[in-house]
Amino acid sequence: MLKMFSTQLSGLFKRLHEKEEETIEDSSRLLAQAIVSDGKVYFYATNEMAGVIEEATKGMEPMPNAVEWTGASLDLITSNDRFILFSRTNEEEEVNLFAKQLHEAQVPFISICSITNPEIESLVDLAEVTINLKLTKGLLPDEKGNRYGYPSLIAALFIYHGIKFTTDEILKEYTI
């Protein structure tokens, strides 16, 4: 099973790289604008996706100016600040409500989630940049035809690292 999961995960990483490379670069440019202007990069995540916040703020190589959003007033946000929102899907009510607040306050943000229901208005419609994790079902089949092995956090961390590396490259060019 682990070999099959590894193969499926490699395929997911390849699809994300191929399909989301441009949006990763767009995300990095948006975040680099905040960093070079001494703005903060606020991370907001629902459920298991909070693991990305830990990596971005407390990992071995944290994102510059990264801060976990703790629910303070949006009145404290400056025009130099940016948000990056992580959720399992675009159907999570909590993240959609917060995205709407950010949009109404004209705060630029990036959304990272799997688009499982394109028919609803959600964070993906309000974000400056949206990255689709492309996880609509588990990666592995069981004997009854169901799917399991839904690596949403792994996919989110892969995208986060792609954004982090690209942002670091942009910042190096800026400081030269």
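Colleague: Why does tyrosine 42 count as buried?

Modeller: Tyrosine 42 has a relative accessibility of 9%. Buried means under 20% relative accessible area, exposed means over 50%, and partly exposed is in between, with a 1.4 Å probe and protein chains only. So tyrosine 42 counts as buried.

Colleague: What kind of model is this, and how are residues numbered?

Modeller: This is a predicted model, in which local features need pLDDT of at least 70, side-chain atom pairs count only at pLDDT 80 or more, and totals for chains, interfaces and linings use all residues. Residues are numbered from 1 along each chain as its sequence is written, and side-chain values use heavy atoms, leaving out hydrogens and water.

Colleague: What makes tyrosine 42 and tryptophan 69 an aromatic pair, and why is the pair called edge-to-face?

Modeller: Rings of Phe, Tyr and Trp (its six-membered ring) pair if their centres lie within 6.5 Å; planes under 30 degrees apart count as stacked, over 60 as edge-to-face and the rest as tilted. A search of the whole structure finds nine such pairs. In this one the centres are 5.2 Å apart and the planes make 90 degrees. So the pair is edge-to-face.

Colleague: Why is this pair said to tie parts together?

Modeller: Tyrosine 42 lies in strand β1, and tryptophan 69 in the loop between β2 and β3. The pair therefore ties together parts that are 27 residues apart in sequence. Helices (H or I, at least four residues) and strands (E, at least two) are DSSP runs, numbered from the N terminus. Tryptophan 69 also counts as buried, at 10% relative accessibility.

Colleague: What makes phenylalanine 43 and phenylalanine 86 a stacked pair?

Modeller: Their centres are 6.3 Å apart, and their planes make 5 degrees. Phenylalanine 43 and phenylalanine 86 are buried.

Colleague: Which residues form one aromatic cluster?

Modeller: Tyr42, Tyr44, Trp69, Phe83 and Phe98 do.

Colleague: How do you know which strands are at the edges of the sheet?

Modeller: Two strands pair if DSSP finds at least two bridges between them. The sheet is open, with five strands in the order β2-β1-β3-β4-β5 and parallel pairing. The edge strands, β2 (66-68) and β5 (129-132), each pair on one side only. The twist averages 20 degrees from one strand to the next.

Colleague: How do you know that β1 and β2 pair?

Modeller: Strand β1 (residues 41-45) and β2 have three bridges, in the parallel sense. Pairing asks for at least two, so β1 and β2 pair. Tyrosine 42 stands opposite valine 67 in β2.

Colleague: What does helix α2 touch on the sheet?

Modeller: Helix α2 (residues 50-58) touches β1, β2 and β3 (82-89). Contact means heavy atoms within 4.5 Å. The direction of α2 makes about 155 degrees with that of β1. Axes are lines fitted to C-alpha atoms, for helices over the stretch in contact, and angles run from 0 to 180 degrees between N-to-C directions. Helix α5 (residues 152-175) packs on the sheet too, touching β1, β3, β4 and β5.

Colleague: How do you know that the span of α5 is close to the expected one?

Modeller: The expected span is 1.5 Å times one less than the number of residues. For the 24 residues of α5, 34 Å is expected. From its first C-alpha to its last, α5 reaches 34 Å. Buried residues of α5 include Ala156, Ile159 and Ile163.

Colleague: What makes a nonpolar core, and how many residues has the largest?

Modeller: A nonpolar core is a set of buried Ala, Val, Leu, Ile, Met, Phe, Trp, Tyr and Cys residues joined through side-chain atoms within 4.5 Å. The largest has 35 residues. Phe43, Phe86 and Ile112 are among those that touch the most other members. Its largest share, 10 residues, comes from α1.

Colleague: Why is aspartate 38 called exposed?

Modeller: Its relative accessibility is 70%. The limit is over 50%, so aspartate 38 counts as exposed. Aspartate 38 lies in the loop between α1 and β1. Its phi is positive, about 60 degrees, although it is not a glycine.
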